[in-house]
Amino acid sequence: NILLLMFQGCFVFKPSAKKKKTLSLDNVFPDCKVLQDDLNRKILDSLLDFTRKCSSTRQLSDWASQMRASEIPTAALVLGVNVPDHDMTFQSLSELLQQSVTPHVASVQAKECGGKGLEYRVLERLMGTDVTVDDEEEEEAEQTSTPLHKSVHCSLSTLCDWYKTKTKKSNTPGKKRSSPSRDDPQQPPVVIIFKDLEAFNPKVLQDFILICSRYIERLPLMFIFGIATSPSTIQHMLPHSVSSLLCIELFQSLSCTQHLATVIDQLILTHHFPFKLNAKVLQVLMSIFLYHDFSVRNFIKGLQLALLEHFHSQPLSVLCCKKKDALLNVMQLSHSDLERIRNLPSFKRYVEKQEPQEQVNLSKDDTHLKEVCQKLIKGLHKYHKNYYPVLRCLHTLTSSLPRYPLGKQVRELHLICLEKNVWENEDYQTAMKLLRMLAKDELVALLQRCVEILQPVKSKKMKNAFLQLTDLLTKFKQLDKPIISPVRNLQKKTDLFQLQKTLLEMNESRRAKKLSPFEVLRNEANGSLSLEPRSHLSPPESHTLNEVCYYTSSATVRRHLNATPRTSIQAALNSPYYYLQNDRLKTVDGSVSNSAPDICIAYKLHLECGRLINLYDWLEAYATVVSAAEGNNPDSDNYGKVEEVKHARFIRAVSELEFLGFIKSTKQKTDHVARLTWGGC
């Protein structure tokens, strides 16, 4: 069986009590945080150097350093619009700062710093003291003589005193202070990170900077502004009188599309991870990235979701692992698993191509089927090992051509190859024609890059391709040497037969306009390069047992990642049994049971109304339905009568519908509400 642990990502295959095979999520995809840190490694290192440099500048005595020391060092970190990825970046930055620069780091967000809350949040994060902004708690703090008062001036003074106490404790008694160095552990800076600068109240931010500037001589403050849009945001939010108090240095991270290209390169365009996506699933993830949030983190979560869905829905996914483990798992498959293999579309096509006796053996003999499956698994892994180097070589050749006939990014070419035979594509034919027109230097440079791609690949076919391209490069370089003219050779020929043969060849070459040596070599190189895609870039659907590695349910991924809340809410209100699983809520004709929750009854009744709904008529209809649910006699005088409890339940249901956006109050009629939604789910 397969045990799915969503957060640990552990997949366990237990064929027997003796042996157990485990496939961890980390073996299929690396940790998201580690990958994100690798992507931001350069910008994080630059920020660390900036904090160290600013800390050491305060210790210098020259005039320029003193002028800079009167300003607050500020790093303007432009991270881009992929806001969901920012938290992980700032978390890594805080950890690195605390490990190598200073223990005094505070990160704040705009949503928690309304009014005068910014100072208090900074104090809480730095001093580890509970500081509240509620009026009642502030009054209580004043009565108990708490050192943190409501006055902002006193709060910053308290922070200065706290910092002075902390730095005194860190000094070793009797030890002479060394000369100022790059990292002075006795005067570590106090770093305040503003995660989302655009969301802060400009007035609150201006006041905070003005107050901090008064304490810069006592407190080595340092700011880091997290910017999602443009560096000009600082100018728009801060007037010159405030921004002049900051010594700002700009740091620009890589764009989210560059991050995505790295992620795809490390997670998808590699044979090291056996799990694969088909073209439709990859297109869904790409469209969500490009048209929704630009979040690399969410893109990786989408990959992990597809992985979990694949292992949950495909019993044969135990073969989706490294080759050695997959070959062992094949021999441990049960008869039911082998029957599933026989029912795979790709395996059925494979069986149809075999001899009649072989077809019988594959259908009846489980042992023979396991042996064949091992060969097919080996072939699938060889296909992946050869596919990606050839894909990169083809992209290297075509991405330098005008108008990028096969796409500018390698992922675009990968999508084309996943869907159909790339060599049958018109753009591919166009690219091959353009390659025949390249100059020598351009073609040699492209071939050299292809050689560098193929060189580290440990595959027999790729080694042969590497040797072939190396030989072509050698021939191109030999063209620089002087070529002996055929006429000069004729002077050395003495026998009549050779003389006639050479003259005939020269005559034929003149008629046919014989190609130059470079053109011959260029055509040879083009022919060699055009053969590789036909051999190694066939779509995965054409390979047997591709179902064990490739996830194909794009609708499931879209439903989970690109949810439609309104549809889900309408479905819940129309069919509460689907969510509550209460037999009393079952209905045949799609109507809502009178035992349904109040909001479901009110919602169903509001669907029968027009644009404006009379609240009193709605209340009476609701009371009638609820009375039927309570089992009251329809002929009694109290049947359908509006009681206080029913009235209160109705008001609550209407308020919930208004909160969900189905109705709103209207000024046209005070006793009516306006309906906002039309059509079912």
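The model on screen is a predicted one.

Strands in a sheet are held in pairs by backbone hydrogen bonds, in either a parallel or an antiparallel sense.

Now select β6 (190-194) together with β7 (221-227). Five bridges join β6 and β7 in the parallel sense. Which residue of β7 is the bridge partner of phenylalanine 194? It is phenylalanine 225.

**A buried threonine**

Go to helix α3, residues 41-57, and pick threonine 51 within this helix. Is threonine 51 buried or exposed? Its relative accessibility is 1%, so threonine 51 counts as buried. Show its surroundings: leaving aside residues up to four places away in sequence, threonine 51 touches Leu97, Val101 and Met222.

**One side of a helix**

Select helix α15, residues 323-331, and colour its buried residues, which are Ala326, Leu327, Asn329 and Val330. Why do they sit on the same side of α15? They cover an arc of only 165 degrees around the axis, and therefore share a side of the helix. An α-helix has 3.6 residues a turn, so residues three or four places apart point the same way.

**The largest pocket**

Move on to the largest pocket, which holds about 550 Å³ of space. Its lining is made up of 22 residues; select Lys378, His381, Lys382, Tyr383 and Lys385 to see those that lie nearest the centre. Then show α19 (366-398), α23 (460-478) and α26 (517-536), the elements that each give two or more residues to the lining. Which of the elements gives the most? Helix α19 does, with seven residues.

**An exposed lysine**

Select helix α21, residues 426-435, and pick lysine 433 in this helix. Lysine 433 has a relative accessible area of 53% and is therefore exposed, the cut-off being over 50%. The separation is 9.1 Å, although lysine 433 and asparagine 526 are 93 residues apart along the chain.

**The three-stranded sheet**

For the last stop, select the strands of another open sheet, where three strands stand in the order β11-β13-β12 with antiparallel pairing. Strands β11 (612-614) and β12 (663-665) are at the edges with a single partner strand each, so one side of each has no neighbour in the sheet. The twist from one strand to the next averages 40 degrees.

Finish with β13, residues 672-675, which pairs with β12 over three bridges in the antiparallel sense. Which residue in β13 is the bridge partner of isoleucine 663? Select arginine 675 to see that partner.

Technical notes: Residues are numbered from 1 along each chain as its sequence is written. This is a predicted model: local features need pLDDT of at least 70, side-chain atom pairs count only at pLDDT 80 or more; totals for chains, interfaces and linings use all residues. Side-chain values use heavy atoms; hydrogens and water are left out. Two strands pair if DSSP finds at least two bridges between them. Helices (H or I, at least four residues) and strands (E, at least two) are DSSP runs, numbered from the N terminus. Axes are lines fitted to C-alpha atoms, for helices over the stretch in contact, and angles run from 0 to 180 degrees between N-to-C directions. Buried means under 20% relative accessible area, exposed over 50%, partly exposed in between (1.4 Å probe, protein chains only). The arc is that of the directions from the helix axis to the C-beta atoms. Contact means heavy atoms within 4.5 Å. On a 1 Å grid over the protein atoms alone, a cavity is a set of points where a 1.4 Å probe fits but cannot get out, and a pocket is an open set with protein on both sides within 12 Å along at least five of seven lines; lining residues have an atom within 4 Å of a point. Grid points are joined across faces, edges and corners, and a volume is the space filled by probe spheres set on the points.
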